[in-house]
Structures are given as C-alpha cells and as structure tokens.
Amino acid sequence: MLMSPVHQTIASAVVTVAMYGGFAVGYAALWIARKFWLIPVWALFQAAALALMANLFRHGIIEDRKELQHQLVALGVCAILAIVIAYIAFINFVRREGSRYFRIQTEIELAREIHHSLVPTFERKLAGYEIFGASIPSGEVGGDLVDVAEHSSECTVYIADISGHGVASGVLMAMFKTSIRSGLQANSSPGGLLEGVHRTLYPLKMPNMFATAGVLQLRPGSKSVTYSLAGHPALLRYCGQQHAIVEYASQNLPLGILPEQQFATDRLECDPGDVLLLLTDGFSEVFDVNAAELGMEPIKSAFLKSADRPLPEIFESLRNISLSFGKQDDDQTILLVRCT
C-alpha cells in the first residue's frame, strides 16, 4: 500500500492487511505440514481473492499532494507499529522455544551420560577367557546393552537390544541391566536369568516394545559355555583348529512378546583359540545408496579373517566393514569372548 498512490480507506487497509497476512500464514502452514501439492491451489485461491478485493474497493489515484502525504504517514506509522508488535512476538517465541530446546537438550545430555555410565566399553581377562564388549549408539541415547558380571565362581556376559531408539529404549535398557544383576544372586542359568528379566519388564514396558538378548555363562578354568539366545542374531563361533565359523541360532522368542515365556539353555564346548561373537543387528542392517542391505555374510567373512587378532581389533574391523557399506542407522553393540 505504501508503494501505491491509490486512495485507501480504513476498511480497505484492514481487509488488505488481513488478506495478505492470512495467505502468508496459509503458505507457512502448508509448508510445515508438507502438503506441497496444495500450495498451487492456495495460490489460485489467493489470486481469485485479490481480484474480488480489487472489485470491492475501487479507489482512484490521489492527486492532492497533501492528502497523499497524510496517507503515507498514516500507513508508515501503522507499518512501524506492526513491525514492533511482530518483533516482540518473534522474540517471545524464540525465548520460549529456546528455553524448551535447552531444557530438552539438558535432559538428553543427562540421559546420554547415564547411558555411557551404564554401557561402558570393557576388556577383561579371566582364567581361560578374554572378554571384550562395546556399544556405539546411533543417537544421543542408545537402547543396546553389553555387560560383564562376575559372581561366585562364574562370570556372566550378555548383550541386549531394546526395540526402538531414544530415551524410552534407554530407560528400558537400564531396567534390563538392573534386573539381570539382581537375578545373578540366585545363580540362575542363562535361561532362568532371561525368565526373571521377562517377568520384571513385561508389566512395565510399553505394548510395542520388546528386547532381544544373548546370555553366556563362563566358568573360569572350564571350556564349557552355557548360553541362551532370545530372538537375538545367531551366536557365531570361530573354531581355531578348523579355521571355520559355526552358527548357533536363537532358541527362544524375544523378551516381552507373550505374558508368560520360558527360555531354553544350551551348552557348547570351546577349544583354545576359539572366539565367540554376539552382536546386534545394527552391524548387518546397514543400507547403501541403492537401499541394498549389508547382511551377515560380509560380517562373517571379516570375522573369519580377523579372529586371530586382539579382540578390540576384531571389533574395529567389523565396524569398519559396516560403516564402509552405509550409514549407521541403529546402535552397534558387540560382545567377544576368546577361549585361551
């Protein structure tokens, strides 16, 4: 209106401002809602509305210089007031959203620190075994878990993958670790440990959440390993004498599927030089630019080639295979046990 010498009334000015402002808000709303196909329709509606407004408010050009000056001053003052009001509203919006953002970031940072304290990278040596575990979350807070716990004359190592991502999965992961640690006092078998965890978590979790897990029990000085897998990717065993990979598939459903579940336990005998590998599907479910999935075969090949190296180097080689194929979209967690 400031660029036009056409005579404006209060009614025409209010309608013009409301119309242009309303259509601007409409464009923003369509863009935020990602309904891009409606934008051309909205533009046609705007053109029709502007044509209708032009017919309703037919005003001639102002020829008197003083009258034009008065109109420009009045419109200029209104424009300044509108800018001031808009600026105040914008600053208030930024302050409110900034406060909410920093509050959320603080909570996420706290959750991330708790996650790191609950799932640290570890490397242990026991009588007859070397153990290594590490977890790399895909976001600020991961839902994977790897842990080692010594109790009485045994050592229990386990890995778990909570469905989903973010804080909810991280909270369930912490509860999983607490339940496992509590169950160790009863000297349960791996299957018994998982049953106790299931009974504890099932009433507390959200309906769409579940967890896969693998538990190994090692007895220092013995080459016998008892294990239980609950919906987890297969346990891989590198046999040093045959230089081959043997797979042990999961015997049970994931935790949290049914109200009542039992978990079977199996046993295997290791030879010196054998390496046991448990990992989460974040290693294999990686996709390239053509949406092709990496799968387990390249992981097993890399494991076979690097099985004689130190355990941290095996982890790095497997992770490099995954990252060189595609972007990490899920938590990547690994548990390695070498029989010495």
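Two exercises follow, each with a worked solution, on a predicted model.

**Exercise 1.** Work out the strand order of the open sheet, state which strands stand at its edges, and find the helices that pack on it.

*Solution.* Begin with the order, which runs β1-β2-β11-β10-β7-β8 across 6 strands, with antiparallel pairing. Next, look at the ends of that order: β1 (122-126) and β8 (244-248) each have a single partner strand, so one side of each is left without a neighbour in the sheet. Averaged over the sheet and with direction ignored, neighbouring strands are turned by 15° against each other. Then take the pairing of β7 (residues 235-239) with β8, which is antiparallel and extends over 5 bridges; within this pairing, Cys 239 has Ala 244 of β8 as its bridge partner. Helix α7 (residues 311-325) touches β1, β2 (129-136), β10 and β11, and its direction makes about 145° with that of β11.

**Exercise 2.** Locate the largest cavity and describe the residues that line it.

*Solution.* First, a search of the whole structure for cavities of 30 Å³ or more finds 1, and the largest cavity holds about 50 Å³ of space. Second, list its lining, which includes Leu 172, Val 197, His 198, Leu 201, Phe 210 and Leu 255. Third, ask which element gives the largest share: helix α5 (residues 190-201) does, with 3 residues.

Technical notes:
Residues are numbered from 1 along each chain as its sequence is written. This is a predicted model: local features need pLDDT of at least 70, side-chain atom pairs count only at pLDDT 80 or more; totals for chains, interfaces and linings use all residues. Side-chain values use heavy atoms; hydrogens and water are left out. Two strands pair if DSSP finds at least two bridges between them. Helices (H or I, at least four residues) and strands (E, at least two) are DSSP runs, numbered from the N terminus. Axes are lines fitted to C-alpha atoms, for helices over the stretch in contact, and angles run from 0 to 180 degrees between N-to-C directions. Contact means heavy atoms within 4.5 Å. On a 1 Å grid over the protein atoms alone, a cavity is a set of points where a 1.4 Å probe fits but cannot get out, and a pocket is an open set with protein on both sides within 12 Å along at least five of seven lines; lining residues have an atom within 4 Å of a point. Grid points are joined across faces, edges and corners, and a volume is the space filled by probe spheres set on the points.
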